[in-house]
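Please open the model in your viewer and keep the selection panel at hand. The stops below go from one selection to the next.

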Amino acid sequence: MRLTDFFLPTIKENPKEAQIASHRFMLRAGMIRQSSAGIYSWLPLGFRVLKKIEQIIREEMDRAGCQELLMPTIQPAEIWRESGRYDVYGKEMLRLIDRHDREMLYGPTNEEMITEIVRSSIRSYKDLPKNLYHQQWKFRDEVRPRFGVMRGKEFLMKDGYSFDVNKESAINSYNKMFIAYLRTFARMDLKAIPMQADTGPIGGDLSHEFLVLAETGESEVFCHKDILNFEVPGPDTDYSTDLQPIVDKWTSLYAATDEKVDVSKHTEIGASLVSARGIEVGHIFYFGDKYSKAMGATVAGPDGNDITLEMGSYGIGVSRLVGAIIEASHDDNGIIWPDAVAPFKVGIINLRVGDKSCDIACEETYTKMRDQYVEVLYDDRNESVGVKFADMDLIGLPWQIVIGPRGLKEGKVELKNRSSGVKEELSINDALNNILG
Ligand code: ATP
Ligand code: MG
């Protein structure tokens, strides 16, 4: 992509409304544009990151045996009446009336809808377990939307739902998600700590929140420092084996989000306890038959008798993750994207547009990258060098190739690694080889 073609409305000044780094940089880098409080358009640069995150989540969910589908954003009120949540959900739910006076709502979550789908389509215990998920926009009329995409009214969530015939199998489904979540966040270079959580309005028995540690996090967390160094299960993890030992290891040490935790009561871990702030990027629940019972979701068991389904639900804040990744990875100059979610892998800076040798070398580099399917953004604007450097640092691509007349005299370009700041003078081919690693 050439920057002269790309829609990248960057902003030099810090927007007044942005209190935290991710919000500031997302606005300044032209990733998002606020439409009204807590509601944003995703501009091309931001949308590319969102899609990458979505794809990592998809790959890890599929690997763990889940299947993707897509449910609508607008739901009928009836199913929420059946579960009993229509009246208790409160003002966060955006309620709508259609032209036939039917009560509808913009889904804040999808337990009811997926339960309705499963109860009307699955008849036998032989068709279970199933774990179905989608990545769909949600609406919650938050009292105080803030911090940009971190707490929006409209936000993208991955929400998955497991259906099993008994508790043992349901816990196994839960454990698969526990592991898949560790893997998903690790692939985004995030250290996400699973914390035992309240089950809250969703209700149920067992629940963990996954928190990314960051100073600007909304939750206060306490955990044993050793958890920070636990190794995340690798891509070869076999989801058909008993995963309980891995989950037990991750939950064996103290970790909790409850702000009322009395640390003095945990003297046994004393100095090992770290207190920090965290951003909730995922939340998993096992809640048994809470919805299936209320909504009559049963299957025929081996003896012909009805079995009420055991369920779990598993959320990831897809759009919140964009902000969380930036909170975890930035400096004063801008974003530092982890490779896996970077909107482009490389930025080429032409230091002197109009200089024949520079233009030719840049075009050659640009073409070579594209031929190798490297995602590349070429700054071919006739702008000052200062502006180009500042914008490239701001948007945070992992690699920068700086091409100017002086270096070219010796056949060299400069390769800069955004994360380490290390700069090297190399030939174009060597620069490309370094990037391809
Ligand atoms: P929070 O405690 O932050 O309000 P929640 O517990 O209500 O979140 P869940 O129902 O568990 O949220 O939703 C699953 C995930 O969706 C959360 O872990 C979070 O990452 C994300 N999420 C929830 N609310 C928002 C929001 N208003 N804006 C962006 N992401 C959100
Ligand atoms: Mg939650």
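This tour of a predicted model visits a ligand, its surroundings and a metal ion.

**Stop 1: the shell.** Select ligand 1 and display the residues around it. There are 14 of them, and the closest are Arg 140, Glu 142, Arg 151, Gly 152 and Glu 280. Colour the shell by class: five residues are nonpolar, four are polar and five are charged.

**Stop 2: the strands.** Now select β8 (154-164) and β13 (273-288); each gives at least two residues to the shell around ligand 1. Which strand supplies the largest share of that shell? It is β13, with four residues.

**Stop 3: polar contacts.** Show the side chain of Glu 142. One of its polar atoms is 2.8 Å from a nitrogen atom of ligand 1. Go on to His 283, where a polar side-chain atom lies 3.1 Å from an oxygen atom of the ligand. Arg 320 also places a polar side-chain atom 3.1 Å from an oxygen atom of ligand 1. Switch to a surface view: ligand 1 taken alone exposes 580 Å², of which the protein buries 84%.

**Stop 4: the metal.** Select ligand 2, the magnesium ion. Which residues coordinate it? They are Glu 280, through OE, and His 283, through ND1, at 2.1 to 2.3 Å.

**Stop 5: the two coordinating residues.** Are these side chains' residues buried or exposed? His 283 has a relative accessible area of 13%, under the 20% cut-off, so it counts as buried. Glu 280, at 25%, is partly exposed.

Key
Residues are numbered from 1 along each chain as its sequence is written. Chains are lettered from A and ligands numbered from 1 in the order in which they are written. This is a predicted model: local features need pLDDT of at least 70, side-chain atom pairs count only at pLDDT 80 or more; totals for chains, interfaces and linings use all residues. Side-chain values use heavy atoms; hydrogens and water are left out. A residue is near a molecule or strand if one of its heavy atoms lies within 4 Å of it. A polar contact is a pair of N or O atoms within 3.5 Å; within protein, one must be able to donate a hydrogen and the other to accept it, and residues adjacent in sequence count only if both atoms are side-chain atoms. Accessible areas come from the Shrake-Rupley method with a 1.4 Å probe; for residues, only the protein chains shown count as cover. Ala, Val, Leu, Ile, Met, Phe, Trp, Tyr, Cys and Pro count as nonpolar, Asp, Glu, Lys and Arg as charged, and the others, Gly among them, as polar. Donors are N, O and S atoms within 2.8 Å of the metal (3.2 Å for Na, K and Ca); water is not among the atoms, so sites may look incomplete. Buried means under 20% relative accessible area, exposed over 50%, partly exposed in between (1.4 Å probe, protein chains only).
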